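This report covers a two-chain model.

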Amino acid sequence: MQEHVDSIKTYTVIFVSLLILTGATTLVATIDLGPLNIVMALLIAVVKMLLVALYFMHLRHSTVLTKVVVGGGMLWLGILLVFSLADFVSRGWLPVPGK
Amino acid sequence: MDSHIELPELQEQFETPEQQREVSTLGMWIFLVTEIMFFGGLFMAYTIYRRAFAGAFGLASNTMDVWLGAANTAVLICSSFTMVLAVRAAKIGSRKALIVFLILTILFGSVFLGIKAFEWNTKFVEHHVPGPTFHLEGASAGDQGPAQIFFSLYFTMTGLHALHMIIGEGLMLFLLWEAYAGRYSPSYYTPVDIGGLYWHFVDIIWIFLFPLLYLIARHQH
């Protein structure tokens, strides 16, 4: 793999974008969007995470093996979150026999 | 292999410096994935309790100083920026720039920890630390318990994050020492590279902690 050196300009654009997104998430939180408030907050956080991971952590230049490992980690995190929530959300949907 | 390159930094089990570097990067990412799962359990606990006690969590979250939180987020993003420039400096072999950017990263990290310490102190002064003297103004008697769950999660998550920051500061001091001694060159800068991965990972954790702990109920003010 050829070692890739990003320009300072690329890093600066990402840096400024991250600062703007921080301001945006702080301001959007003060507006009442109902259930969409948490969605917006997490959406902006995910975009910021992707910017840091892809550019600052150089994931976009990483080997396929590294990308698979990171993707696998996110998959397992998804299993943790989705399966646990599936349990807590669905409690009380069905009657418990003998209760 | 006749293509074998003779370099003092190249360990004998590797064919090329690239292969050696890729193995280190992969190893660091595997460690970071275990860290994602470690913090993931805490985010899971937060989600379940917030779902059960949305009202108390909103009241408790609104006692946070949102401007200090936002400022700390900006400080941490600045430190990630100087860190990535430090890695770049190491990559192109600029020892002086590497030292300057490592010092800036350490300074930004210290500012973050200073603001965090101030916020923690405020929580102690306001009796917002879970325990016998806990009291959240404006919350009903029934909400005092769930509010303490919020603050327990707050102290656990920001505490573990701060611990990672302190470890990161130690790593940066080590990198600074080694950079000062001239140990890094374009053919060998792996410790700077994977130290940067760790630093950015800690930044990402805060990127999620900030909205979940400070911003969830701001619109109810």
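## Terms and model

Two residues are in contact if their C-beta atoms, placed from the backbone, lie within 7 Å. Helices (H or I, at least four residues) and strands (E, at least two) are DSSP runs, numbered from the N terminus.

The model is predicted: local features need pLDDT of at least 70, side-chain atom pairs count only at pLDDT 80 or more, and totals for chains, interfaces and linings use all residues. Residues are numbered from 1 along each chain as its sequence is written, while chains are lettered from A and ligands numbered from 1 in the order in which they are written.

The scores are ipTM 0.91 and pTM 0.92.

Chain B holds six helices and zero strands. Its pattern along the sequence is α-α-α-α-α-α. The C-alpha trace of chain B spans about 75 × 30 × 30 Å along its principal axes.

Helix H5 (residues 141-180) of chain B packs with H6(B): their axes come within 10 Å and cross at roughly 160 degrees. Axes are lines fitted to C-alpha atoms, for helices over the stretch in contact, and angles run from 0 to 180 degrees between N-to-C directions. H5(B) and H6(B) are therefore roughly antiparallel. Angles under 35 degrees count as roughly parallel, over 145 as roughly antiparallel, 65 to 115 as roughly perpendicular and the rest as oblique. The crossing is left-handed (the near helix is turned anticlockwise from the far one by less than a right angle; clockwise is right-handed). From H5(B), the contact includes Tyr154(B), His161(B), Gly168(B) and Leu175(B). Among their counterparts in H6(B) are Pro191(B), Tyr198(B), Trp206(B) and Leu213(B). By class, the H5(B)–H6(B) contact has 15 nonpolar, five polar and one charged residue. Ala, Val, Leu, Ile, Met, Phe, Trp, Tyr, Cys and Pro count as nonpolar, Asp, Glu, Lys and Arg as charged, and the others, Gly among them, as polar.

Chain A is assigned domain 1 (1-62) and domain 2 (63-99). Such bounds come from an automatic or database domain assignment. The C-alpha centres of the two domains lie 25 Å apart.

Helix H1 (residues 8-28) and helix H2 (residues 36-56) of chain A have axes that come within 10 Å and cross at roughly 165 degrees. That makes H1(A) roughly antiparallel to H2(A). Their crossing is left-handed. H1(A) contributes Ile14(A), Leu18(A), Leu21(A) and Val28(A), among others. H2(A) contributes residues including Met40(A), Ile44(A), Val47(A) and Leu51(A). This contact divides into 12 nonpolar, three polar and one charged residue.

## Where the chains meet

Here 37 residues of chain B are in contact with 40 residues of chain A. Helices H1 (17-52), H3 (66-91) and H6 (190-215) of chain B each give two or more residues to that side. H1(B) gives the most, with 14 residues. The chain B side divides into 23 nonpolar, seven polar and seven charged residues.

One helix pair spans the two chains. The axes of H2(A) and H6(B) come within 10 Å and cross at roughly 170 degrees. That makes H2(A) roughly antiparallel to H6(B). Among the H2(A) residues in this contact are Ala45(A), Met49(A) and Val52(A). The contact has 11 nonpolar, one polar and two charged residues.
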